[in-house]
Amino acid sequence: MQLSVIILNYNVRYFLQLCLQSVQKALEGIESEIIVVDNNSPDDSCKMVAELFPQVKLIALQENFGFPKGNNIGVQQAQGKYICILNPDTVVAEDTFTKILTFAEGKDNFGIAGAKMIDGTGRFLSESKRGIPTPWVAVTKIAGLYKLFPKTRLFNQYYAMHLGKDEVGETEILTGAFMFMHRETYLNAGGFDESYFMYSEDMDLSYTIVKAGKKNWYYPGTAIIHYKGESTVRDAAYMKRFNDATKAFYRKHFNGSLFFDLFMRAGTLFFVFSKKNKKVARHQPEEYYLFSKNEELKLALEEQLTAKVIRIGEYKENMLYPATGINPKQTEIIFDNDLLTYGDMIAIMQRHCTGCYTFKIKPQHYNFIIGSNSSNDRGAVIHL
């Protein structure tokens, strides 16, 4: 078998449903399998997978073992030469796995590959590529020096800013939302370190593989949506786990010191508090565009949204206004997967990432639309 896609799910039923549909489309023509490990979700995620995706291998755990152990359990069941660790709040393009398989096959000493990631507004996610988070690099991140000196190598390593967002290149650290590698590489590295529960385990695995002499790659030849924040509530438990994981990583790989531990603790708390208290701009759409040939879908949306919906039966590259004028309208774009592929949607979102557009997806065959207007907030599901 060529590829096993491992998806660890917790309590994101509709995002998982969208993810699975996109993954199925992307695996057509590839000898592959999908393994969903559910961390004892309180919603009906397991029932949905069993009913709608019977060909998916479902592992329903009886407790929440955390991110590392849940993924390790999935990989133990995998049969593929390659594995892809994938978050449930992602959408992949139809060519994602074909392209990244071809890329990996052409590389010697291949470690991990990561894709270009965008959030639900089309904004590029900087964590798609990162450098080795040495203590100094951590200081530049927490102090915000990378923002002040983005072109200076001394300060810009955290987000591997020597690479452009559309530039293929080596990058040491990749995010657990999308990690593509040989199954053997994962197993030889010991998989994710189960002493973590959540956070830093992707840094740990990436760095472990780099230290073993392999090369990790950022590959923007394919892009995926990562909605973020769907499985995590930024509460006191989140703060503790984030802080503990960060300290554990630096103690494991850099020994650390009392001064550095205190600095990291203060910096991590500041970072978490700023994320937790960051005000999310909530834009009420002034108009809705639906890209669909389905007039009944338009009418159903108008009923649910209690607003006029403009239906457009095809998409042309320059048909959406650039939204750069004075007081542009806040516009919600709704994609019908019966008209546009997931790859089309991802490309359009990147092209029109202006702050004036928000995006939702109507998956093929399913009666809901879904999306997220902020990577710092939960997304929305509207049932039709």
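Helices (H or I, at least four residues) and strands (E, at least two) are DSSP runs, numbered from the N terminus.

A word on what you are viewing: this is a predicted model, in which local features need pLDDT of at least 70 and side-chain atom pairs count only at pLDDT 80 or more, while totals for chains, interfaces and linings use all residues. Residues are numbered from 1 along each chain as its sequence is written, and side-chain values use heavy atoms, with hydrogens and water left out.

**Around α11.** Contact here means heavy atoms within 4.5 Å. At the start of the helix, pick Asn294: one of its side-chain oxygens comes to within 2.9 Å of the backbone nitrogen of Glu296. This is a polar contact, meaning a pair of N or O atoms within 3.5 Å; within protein, one must be able to donate a hydrogen and the other to accept it, and residues adjacent in sequence count only if both atoms are side-chain atoms. Just after α11, check Thr306, which has a positive phi of about 50°.

**Into the core.** Now select Phe335. Not counting residues up to four places away in sequence, its contacts include Phe291, Met345, Phe359 and Ile361. Phe335 is also among the residues with the most contacts inside the largest nonpolar core, along with Ile7, Val23, Phe97 and Phe180; this core has 64 residues. Such a core is a set of buried Ala, Val, Leu, Ile, Met, Phe, Trp, Tyr and Cys residues joined through side-chain atoms within 4.5 Å. Helix α1 (residues 13-26) gives the most to this core, with seven residues. Apart from it lies another core of 20 residues, including Val37, Phe67, Ile112 and Leu205.

**Strand β9.** Select residues 215-226. Ten of the twelve residues of β9 are buried, so the strand is largely enclosed by the rest of the structure. Two strands pair if DSSP finds at least two bridges between them. Start with β6, which runs parallel to β9 and is joined to it by seven bridges; here Met117 stands opposite Ile224. Then show β5 (residues 90-91), paired with β9 in the antiparallel sense over two bridges, where Thr90 stands opposite His226.

**Last stop: Ser128.** Find it in the loop between β6 (110-118) and α5 (135-142). Ser128 is buried, with a relative accessible area of 1%. Its side chain reaches the backbone nitrogen of Met117 at 3.1 Å. Ser128 also touches Leu174 and Tyr218, among others.

**Zooming out.** Show the whole protein: twelve helices and 15 strands, with buried residues making up 54% of its 384 residues.

Notes. Buried means under 20% relative accessible area, exposed over 50%, partly exposed in between (1.4 Å probe, protein chains only).
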